[in-house]
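Thanks for making the time this morning.

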Amino acid sequence: MNRKLKFFVGPTNSGKTYNAMSELKNSNSGLYLAPLRLLALEGYEDLKENNIDATLITGEEQIIHDEAAHVCSTIEMLDFNLDVDLAVIDEVQMLEDEDRGWAWVNAIIGVPAKTVIMTGSVNALDAVKKIAQYLGEELEVVKHKRKTPLKTMARHTSLENLEEGTALIAFSRSDVLKLKQRLQKKYKVSVIYGNLSPEVRRDEARRFREKQSDILIATDAIAMGLNLPIKNLLFTTDTKFDGKSRRKLSVNEIVQIAGRAGRYGHHQVGFLGATRRDVLNYIKEEFEQPIRTIKPPYSVKMSNDQLLDLARHIKTNSITKILSYFNKNMKFDGPFKAANISSMIEASSLVDKRDKLSLEEKYLLSQAPITMKSTIILQAFEAYVAAIIKKRVCRYKPSITLPKKAVTQKDLLLVEDEVKKISLYLWLSYKFPEIFPDYNKAVILRNSFNSFIERSLKLNLKLERPKHKPDNYFNAKRRRRRRD
């Protein structure tokens, strides 16, 4: 396409995304491709505040402005047929992500813009250069420096002695809520973790930003895009479960998260520390290591046309077989590999049980935002697929009745799953509007459930009782029976 490629490279808090968005505002037509729905919405609102007409497109919603020449969308929703003057691809180091990295690589290769600006950290520089070389397109690298210094603390920090403006980092929803329960007796607390909807995350971030809370407890969900006035960032652990095993944090992960401390315009310096001595020693040692460069090959995903060609080639209508064949056998002439589509293969196994779906419908449904861990979502998905087959209108019906308040963390999790179910319905309403017409009702319900979650996060939620009662529990019951 003979495009001009630019890479605005630098650490967190260096102004690279701000500068890329400034160029987008000055373009006649443009795209902002975000890693998160929350950031696509922020980009959309930024353009609107600058009196630039814009359209918002994510997997769950679309706000169409017919006269708009600018589009903000999540990167998976990129329209490869929309020609623009300028495209901004944000957080390009995400091309390393095992599950979603293909979206960044496909965008770099194929977004139809005269100029493409990528923003990201230095570990992606080599990858961007290799892809640009393969494409034979000119690449300009614009280096950015961090605006405020980031220093590591000499000593670990006790949970009993936290300063206002401190963020604590844990790596699971459970650990975040346990810390919240422990600390909220002494501090006003905000929490952010991946299971929360973008709306709730945004509200919790707002509370911390406006000093309605003293402490933020978060997972690495804050590592991308959320602008927070964090002075001290403390790791509570140096390990995380990555879906396969519990492992030590990498230097790249530590640098990306740590960069959120010392927000420019709020603090003159950011501090990196930990709540335990052993964790601090590991974090300090790893933080000094060189950032690990992202190595080829880079993941790409097939298009609908390639899907149909492959189906004809291996003579099958089974989406599971086609995806598995693509995953194992696809070879490329550049620095690329077939994307990890294990989650799609899991979803496709549900879809393949159904007859009367076209191959294109099966491929589309295998990309639906579902989680195999939630009974609520799996049951809803089965019902939604049945409605598509029968071409029967499907109204949105909640699976749960909203209680007055959440008493335990399990109550909260059920409502979080209901919000995910609403997200699935909204995603389908975008693809099949005649079959899933309750878009407005679902949005209203989502707002109601999100408000409930926001209120619940301010309460002192009880931890769930262990499934197996401890010995002293049964002994106590026996003693009571004897007394009776």
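This is a predicted model: local features need pLDDT of at least 70, side-chain atom pairs count only at pLDDT 80 or more; totals for chains, interfaces and linings use all residues.

**Charges, rings and backbone**

Residues are numbered from 1 along each chain as its sequence is written, and side-chain values use heavy atoms, with hydrogens and water left out.

Is lysine 390 buried or exposed? With a relative accessible area of 58%, lysine 390 is exposed, on a scale where buried means under 20%, exposed over 50%, and partly exposed in between (1.4 Å probe, protein chains only).

The structure holds 31 salt bridges, each being a side-chain nitrogen of Lys or Arg within 4 Å of a carboxyl oxygen of Asp or Glu. One of them joins glutamate 96 and arginine 292, at 3.2 Å from N to O. Glutamate 96 sits in the loop between strand S6 (84-89) and helix H3 (101-110), and arginine 292 in the loop between helix H8 (277-287) and strand S17 (298-300), so this pair ties together parts that are 196 residues apart in sequence. Glutamate 96 is partly exposed at 32% relative accessibility, and arginine 292 is likewise partly exposed, at 44%.

Other bridges stay within one helix. Glutamate 204 and arginine 207 meet in a salt bridge at 3.2 Å, N to O, and because they are three residues apart in helix H6 (residues 198-209), about one helical turn separates them. Both glutamate 204 and arginine 207 are buried. In helix H9 (residues 304-314), arginine 312 and aspartate 309 are also three residues apart, about one turn of the helix, and their side chains form a salt bridge at 2.6 Å, N to O. Here arginine 312 counts as exposed at 57% relative accessibility, while aspartate 309 is partly exposed at 43%. Elsewhere, salt bridges that share partners join Arg37, Glu60, Glu61, Glu199 and Arg446 into one network.

Let me turn to the rings. Rings of Phe, Tyr and Trp (its six-membered ring) pair if their centres lie within 6.5 Å, and planes under 30 degrees apart count as stacked, over 60 as edge-to-face and the rest as tilted; by this rule there are six aromatic pairs. Among them, tyrosine 396 and tyrosine 425 are edge-to-face, 5.3 Å centre to centre with 80 degrees between the planes. Tyrosine 396 lies in the loop between H13 and helix H14 (409-431) and tyrosine 425 in helix H14, 29 residues apart, and the pair links distant parts of the chain. Tyrosine 396 is buried, at 0% relative accessible area, and tyrosine 425 is buried at 0%. Tyrosine 425 also pairs with phenylalanine 436, with ring centres 5.5 Å apart and planes at 90 degrees, so this pair is edge-to-face. Phenylalanine 436 is buried too, at 1% relative accessibility. Tyr384, Tyr396, Tyr425, Phe432 and Phe436 form one aromatic cluster.

Finally, the backbone. Most residues other than glycine have a negative phi, and most peptide bonds are trans. The peptide bond from proline 296 to proline 297 is cis, with omega near 0 degrees, and proline 297 lies in the loop between H8 and S17. Glutamate 91, although not a glycine, has a positive phi of about 55 degrees, and glutamate 91 is buried at 8% relative accessibility. Lysine 211, again not a glycine, has a positive phi of about 60 degrees, but lysine 211 is exposed, at 62%.

Note on methods. Helices (H or I, at least four residues) and strands (E, at least two) are DSSP runs, numbered from the N terminus.
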